[in-house]
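Please have a look at the model first, and then we will walk through a few local features together.

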Amino acid sequence: MKNLVKPHLKMVLMLNAFLAFATIANAQTKLRCIIAGLNHNHVYGILNRYKDHSVIITAIAEPNKALWVKYGKLFNIPDSLFYTDLKTAVIKTHPDAVLGYDAAADHVGIVEVCAPLGIPVMVEKPLAATLEQAKRIEELSNKYHVQVLTNYETTWYASGQSIYNTVAADSIGKIRRMVVHDGHQGPKEIGCSEEFLAWLTDPVLNGAGALNDFGCYGADLMTWFMHGQAPIAVTAIARHYKPEVYPKVEDDATILVEYPNATGQIEASWAWPFSIKDLEVFGETGYLHALNGTDIVSRMRENIKGAKTAAPLPQPINDPMVYLAAVLNKKISGDNDQSSLRYNMIVMQILDAAKRSIKEGKRIVL
């Protein structure tokens, strides 16, 4: 008998088969992750990914059962996913990675659990609350050959990558100055949760106030633009504009970062009149300003001005989970970029020197 299936029906059947295969392949490449902690408001991002089925959550380790109830209702999370103890969750569910969404000071505890078990870790910025904690994380990472990465919102800004590529193409000459503004009106003012505020405004759990919370962005971007070169000195000042709101920590910090042939200025604050995350790079012959995640303005020596929208980032550097999967599958190294442990150890050195400079009232030579 002749094949009675019409050509257009054949196409439909082939398309359905392809989509079924793609769905299976996609499911196989999804990361199986544990969430460690629910007291960081950035956790909404990963839980939305769980809700839209783009990531598999094997467990959530959180000792505060009130947060189980809160997030369980918001994201339809079954009780079976919740654990009070991270180690138990890791041993029982065997994840591909653990994602840290708790106090900066608790990141070292996550790595203490995961590194001996061979489980990679990605934490929300900064890497740790203190340089000492960061050194312990580095020690564990090296000893057990486990990746420890740090997730920054600005890593996934197309504007930053566009400026980086422009500088690499020698379009504005050598970098002479970088300025980064990061912050907002204040975590309390913008409505951060009580559990987030409890550690974010604590000098031990966060390691500082606005200096750690937002200073880390600038330190990370500058380390990236300097290709992992450590600065030669750091000078910083801190202000306390709102002691009645933030009695324990500074709410504004300015950090001057000296390189052999360039200078960086980090302005981190919980006292901006609005939310801001921007980047300015001054070269020998031109200037580039990322106004936000997409928009860039420029000015060259000849007073030629320009404006553009950055092209979308390519995979796998366009998304934290896509990036993490690429690192774990050894498609990219994750050793010399904004998320890498190497670069973030330099970030922690800058933040530590800034705190020492404020305390001692002097320039700190590294």
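P126 sits in the loop between β5 (121-124) and α6 (131-144); helices (H or I, at least four residues) and strands (E, at least two) are DSSP runs, numbered from the N terminus. This is a predicted model, in which local features need pLDDT of at least 70 and side-chain atom pairs count only at pLDDT 80 or more, while totals for chains, interfaces and linings use all residues. Residues are numbered from 1 along each chain as its sequence is written, and side-chain values use heavy atoms, with hydrogens and water left out.

**Cis peptide bonds**
- The bond leading from K125 into P126 is cis, and its omega is near -10 degrees.
- Another cis peptide bond links Q315 to P316, with omega about 5 degrees.
- P316 is found in the loop between β14 (305-309) and α10 (320-328).

**Positive phi outside glycine**
- H94 is not a glycine, yet its phi is positive, at about 50 degrees.
- The loop that holds H94 runs between α4 (86-93) and β4 (97-100).
- H94 is exposed, with a relative accessible area of 56%; buried means under 20% relative accessible area, exposed over 50%, and partly exposed in between (1.4 Å probe, protein chains only).
- H145 also has a positive phi without being a glycine, near 55 degrees.
- H145 belongs to the loop between α6 and β6 (148-151), and it is exposed at 73% relative accessible area.

**Helices α2 and α3**
- Two packed helices are described by the angle between their axes and the distance between the axes.
- Helix α2 (residues 43-51) and helix α3 (residues 65-75) have axes that come within 10 Å and cross at roughly 45 degrees; axes are lines fitted to C-alpha atoms, for helices over the stretch in contact, and angles run from 0 to 180 degrees between N-to-C directions.
- The two helices are therefore oblique to each other (under 35 degrees counts as roughly parallel, over 145 as roughly antiparallel, 65 to 115 as roughly perpendicular, and the rest as oblique).
- On the α2 side, V43, Y44, L47, N48, Y50 and K51 meet K70, Y71, L74 and F75 of α3, where contact means heavy atoms within 4.5 Å.

**Confidence**
- The protein chain has a mean pLDDT of 93, and 92% of its residues reach 70 or more; pLDDT is the predictor's confidence in each residue, from 0 to 100.
- Residues 1-28 have pLDDT below 50, and beyond near neighbours in sequence this stretch has four contacts in the model.
- Where pLDDT is low, the predicted coordinates should not be read in detail.
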